[in-house]
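Me: Could you help me learn to read a protein model? I would like to go feature by feature.

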Amino acid sequence: MLIAEVLKYLQELAPLDLAEDWDNVGLLIGTAQAEVSSIMTCLTLTPDVAEEAIREGADLIVSHHPVLFRAVKQLNDRTAEGRMLLDLIRAGVAVYSPHTCYDSAQAGINRQLAQTCGLRNVRPLRPRAAAVDDAATGSPIGAGRLGELSQPIQLSELVELVKRCLKQPAMQFVGHPDREVSRVGVACGAAAEFMHDAIREGCDVLLTGEARFHACLEARTSGIALILPGHYATERPAMIRMAQFLKGQYPDLNTWASTSEADPIQWA
């Protein structure tokens with residue numbers, strides 16, 4: 001099988017035209033005409049994760065966060081990223097990133113997070129302007145998600161629910177613990193800029209991975225709560241799910257989610 005066939009499936013799962021204008025998605029290293037027998041997924045391609053891929057014989061890495069995100073003028077062994085990229089190229093490992101395409105896809109990260117929280121009537125938090133519905137599902141296209149809980153609960157209860165579902169020992173939040181919430185906005189990663197969309201849509205709370213201090217102050221002033229489980233916690237489970245998608249589609253390929261990847265932030 002050629003990598004091109006896997007890329008076709010990945011682009012059906014997370015169409016490239018869903019990417020944000022600033023993003024860098026698609027096949028970032030390698031050739032689509034190379035053969036593939038092993039695929040590894042990860043959230044972020046770091047030297048230890050790349051070492052695992054090379055050691056275990058991966059032909060393709062599907063990394064949510066793009067490598068080569070910013071323009072590169074030199075590629076050499078003077079930096080950790082340069083050494084990592086050169087090692088991958090020498091080993092013939094291709095790298096593909098779906099990033100914001102997967103965030104916004106119908107079966108993508110924000111939809112998965114909304115389902116984890118048990119939200120109903122899930123739809124885009126930031127619909128595409130004048131966008132047609134998704135051809136395959138007839139559902140609206142857009143970024144982020146919002147939906148309703150089956151019944152109103154206290155913010156503290158929702159925080160505990162998210163902690164259990166994302167297996168986080170602790171998490172930050174903004175808002176009075178006793179306030180009642182029912183409509184929830186979801187935007188994975190570092191997406192506090194979706195707070196204004198959430199306010200416009202009448203959300204009581206926005207679930208996102210992380211937010212800057214001043215965004216938290218703005219949320220408190222604006223009267224919307226925030227739940228902040230961490231960037232890793234909101235996106236890594238979806239890359240495990242990505243490995244499951246690929247294994248279901250191509251059962252004869254050796255497919256796995258990186259076992260060496262870990263959240264760089266630790267909880268004391």
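Me: Let's start with a single residue. What does valine 62 touch, leaving out residues up to four places away in sequence?
Reply: Valine 62 touches Leu10, Ile39, Met40, Thr41, Cys42, Tyr96, Pro98, Met239, Met242 and Leu246, where contact means heavy atoms within 4.5 Å. Keep in mind that this is a predicted model, where local features need pLDDT of at least 70 and side-chain atom pairs count only at pLDDT 80 or more, while totals for chains, interfaces and linings use all residues. Residues are numbered from 1 along each chain as its sequence is written, and side-chain values use heavy atoms, leaving out hydrogens and water.

Me: Which residues touch the most other members of the largest nonpolar core?
Reply: In soluble globular proteins, nonpolar side chains tend to be buried together. A nonpolar core is a set of buried Ala, Val, Leu, Ile, Met, Phe, Trp, Tyr and Cys residues joined through side-chain atoms within 4.5 Å; buried means under 20% relative accessible area, exposed over 50%, and partly exposed in between (1.4 Å probe, protein chains only). Here the largest core has 50 residues, and Val6, Leu60, Val62, Leu158, Ile227 and Leu246 touch the most other members. A second, separate core of 17 residues includes Leu28, Ala50, Leu85 and Trp256.

Me: How do I read two packed helices?
Reply: Packed helices are described by the angle between their axes and the distance between the axes. Axes are lines fitted to C-alpha atoms, for helices over the stretch in contact, and angles run from 0 to 180 degrees between N-to-C directions. Helix 2 (residues 47-55) and helix 3 (residues 80-91) pack at about 10°, with axes 10 Å apart. They are therefore roughly parallel (angles under 35 degrees; over 145 is roughly antiparallel, 65 to 115 roughly perpendicular, the rest oblique). Pro47, Ala50 and Ile54 of helix 2 meet Ala80, Met84, Asp87, Leu88 and Ala91 of helix 3.

Me: At what angle do helix 5 and helix 9 cross?
Reply: The axes of helix 5 (residues 109-116) and helix 9 (residues 231-249) cross at roughly 105° and come within 10 Å. These two helices are therefore roughly perpendicular to each other. Ile109, Gln112 and Leu113 in helix 5 meet Thr234, Glu235, Ala238, Arg241 and Phe245 in helix 9.

Me: Where is glutamate 20 found?
Reply: Glutamate 20 is in the loop between helix 1 (3-13) and strand 1 (26-29). Its 28% relative accessibility is why glutamate 20 counts as partly exposed. Beyond its neighbours within four places in sequence, glutamate 20 is in contact with Thr100 and Ala143.

Note on methods. Helix = DSSP H or I, 4+ residues; strand = E, 2+ residues; numbered from the N terminus.
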